[in-house]
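The paragraphs below go through one structure step by step. Please keep the sequence and the coordinates open while reading.

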Amino acid sequence: MNLKVKYFGLIAEITNCSEETIPFSKHTVAEFLDLIFSKYPALKNKDFKVAQNMQLVNIETKISSAEIALLPPFSGG
Amino acid sequence: MHRYNRHIILSDVGLEGQNQISNAKVLIVGAGGLGCPVLQYLAAAGIGTLGIIDFDSVEISNLQRQILFGISSIGQNKALAAKARLEDLNPTIHITAYPEALTQNNALLLFKDYDIIIDGSDNVATRYLINDAALLTKKPIIYGAIYKFEGQVAVFNYKDSANYRCLFPNPPDNMISNCSDVGVLGVLPGIIGTFQANETLKIILNLGDTLNGKLLSYNAKNNQTYTVSIPKSDYSITEAAFHANRYLVPNCDKPIKQIDFEAAVQLNSVQFIDVRETQETPKLDLEHCINIPLHQLFESHDEIDKTANKVFICQSGNRSQRAIAFLEKLGYKNCYNLAGGMQSVIKNKTYNESR
């Protein structure tokens, strides 16, 4: 399926876009991250959370929704 | 009550709601980009007791976004300057300024005096400190954070909801962050801080739907928002663990030694440590100078000569102070901050003649 992937903050600076569509043929969040890391190796050592359909997920979660977001911590004030 | 007429005529607020606002006690940690708009709206709304804690003082580069301050506030402590401005805005409320850093030593006692804690801090360490102290004292946190053109807002630890550690369990290794010299669109903290003030009032008034256990992300470039629910984790903390933890918050217990360029080059066995990012210019053209960007200090501080006199430098003298505060906690001694940073060095005659 085609995933609509949203990026925020420092993550969006690395991917150079705030949103893109990525074809995905596997199953889990871990497999999705492998794909993302091969596309953007600089994300490997960055801290972020993955959300699917506006819910936080962990790496074992099955991808069932077409909308994914990568959320890094912000610290500025 | 004429002052609050526009609140009172709202059927969702009324006289009863305005009294709830008057009885509320709210602590704002940080009177910076986020704290200023939060304080402005909460003082105007008539929050009966406002606490403001900030150790930092006003600099001219703050005025682009920290709207409570003016030229006359430069050099003053932010908590005290904000209190003075807010007392003119609303003299009917009680405001306490704490011109000090939030630390493990004062956080719990301070939080106990308030109903709601607002996180307007500008560094990762203080955010974890606020989170854990609020868990221990059972206070809701209205969280706000910004990065360049984007911001995050959330309500944590309210009605048994998730907290910041349910989202990001542990601080990154390099938990000293580079906030003061990362750019930010001036209006962005205004927007995010105003979101925080709104969530605070809704909690006090028990009104509408809050961002409890949810993280809202806002992008000022395209006006898009994204809200994610945060499941509650089983994280908990004891008071003993809280006191044993190393939060590494910026330290101002003892003042950091300042030095100018003339005096710095006269020091015996001196090492200059430039904590700017590697691409920042102008470069510091000196012998005995190393470059360790602030965010790499945690993993790379071994490169520093422990026995030397150490002079820390950045663009304007802010990040270098954070570096010193961090290293002093690790036991480093003989650290000096190059006052005014590289901006003052490039104007120095001795420096220019030596090149």
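I237(B) is placed in the loop between β8 and α9 of chain B. The model is a predicted one, and in it I237(B) has 15 C-beta neighbours inside 10 Å, so I237(B) counts as partly exposed. Which residues does I237(B) contact, once its neighbours within four places in sequence are left aside? They are D132(B), L135(B), L136(B) and F242(B). For L136(B), the separation along the chain is 101 residues, while the C-alpha atoms of I237(B) and L136(B) are 7.1 Å apart.

P255(B) gives another pairing of sequence and space. P255(B) sits in the loop between α9 (239-244) and β9 (258-259) of chain B. P255(B) is 30 residues from T225(B) in sequence, and the C-alpha to C-alpha distance between P255(B) and T225(B) is 41 Å. P255(B) has 9 C-beta neighbours inside 10 Å and therefore counts as exposed.

Chain B is divided into domain 1 (2-244) and domain 2 (258-353). The C-alpha centres of domain 1 and domain 2 of chain B are 32 Å apart. The largest nonpolar core has 116 residues, and the members that touch the most other members are V26(B), L27(B), I28(B), L39(B), I52(B), I117(B) and F312(B). This core lies between domain 1 (2-244) and domain 2 (258-353) of chain B, because both domains give residues to it. Apart from neighbours within four places in sequence, I28(B) is in contact with G35(B), V38(B), L39(B), L50(B), G51(B), I52(B), I118(B) and G120(B).

Two packed helices are described by the angle between their axes and the distance between the axes. For helix α3 (residues 35-45) and helix α8 (residues 187-205) of chain B, the axes come within 7 Å and cross at roughly 40 degrees. α3(B) and α8(B) are therefore oblique to each other. The crossing of α3(B) past α8(B) is right-handed. On the α3(B) side, the contact is made by C36(B), P37(B), V38(B), Y41(B), L42(B) and A45(B). The residues of α8(B) in this contact include P189(B), G190(B), G193(B), T194(B) and A197(B).

Some backbone details deserve a check. Most residues other than glycine have a negative phi, and most peptide bonds are trans. N206(B) is not a glycine, yet has a positive phi of about 55 degrees. N206(B) lies in the loop between α8 and β7 of chain B, and N206(B) is exposed because 10 other C-beta atoms lie within 10 Å. N334(B), also not a glycine, has a positive phi of about 55 degrees. N334(B) is in the loop between α12 (319-329) and β13 (335-338) of chain B, and its 15 C-beta neighbours inside 10 Å are why N334(B) counts as partly exposed. The peptide bond from T281(B) to P282(B) is cis, with omega near -5 degrees. P282(B) is found in the loop between β10 (270-274) and β11 (289-291) of chain B.

The last topic is the contact between chains. In chain B, 31 residues are in contact with 18 residues of chain A. On the side of chain B that touches chain A, at least two residues each come from α6 (124-137), β5 (141-147), β6 (150-156), β7 (214-219) and β8 (225-229). Which of these elements gives the most to that side of chain B? β8(B) does, with four residues.

Technical notes
Residues numbered from 1 in each chain as written. Chains lettered and ligands numbered in written order. Predicted model: local features only at pLDDT ≥ 70, side-chain atom pairs only at ≥ 80, totals over all residues. Core = buried A, V, L, I, M, F, W, Y, C linked by C-beta atoms within 7 Å. Buried ≥ 20, exposed ≤ 12 C-beta atoms within 10 Å, placed from the backbone. Domains from an automatic or database assignment. Contact = placed C-beta atoms within 7 Å. Axes fitted to C-alpha atoms, helices over the stretch in contact; angles between N-to-C directions. Parallel < 35°, antiparallel > 145°, perpendicular 65-115°, else oblique. Left-handed = near helix turned anticlockwise from the far one by under 90°.
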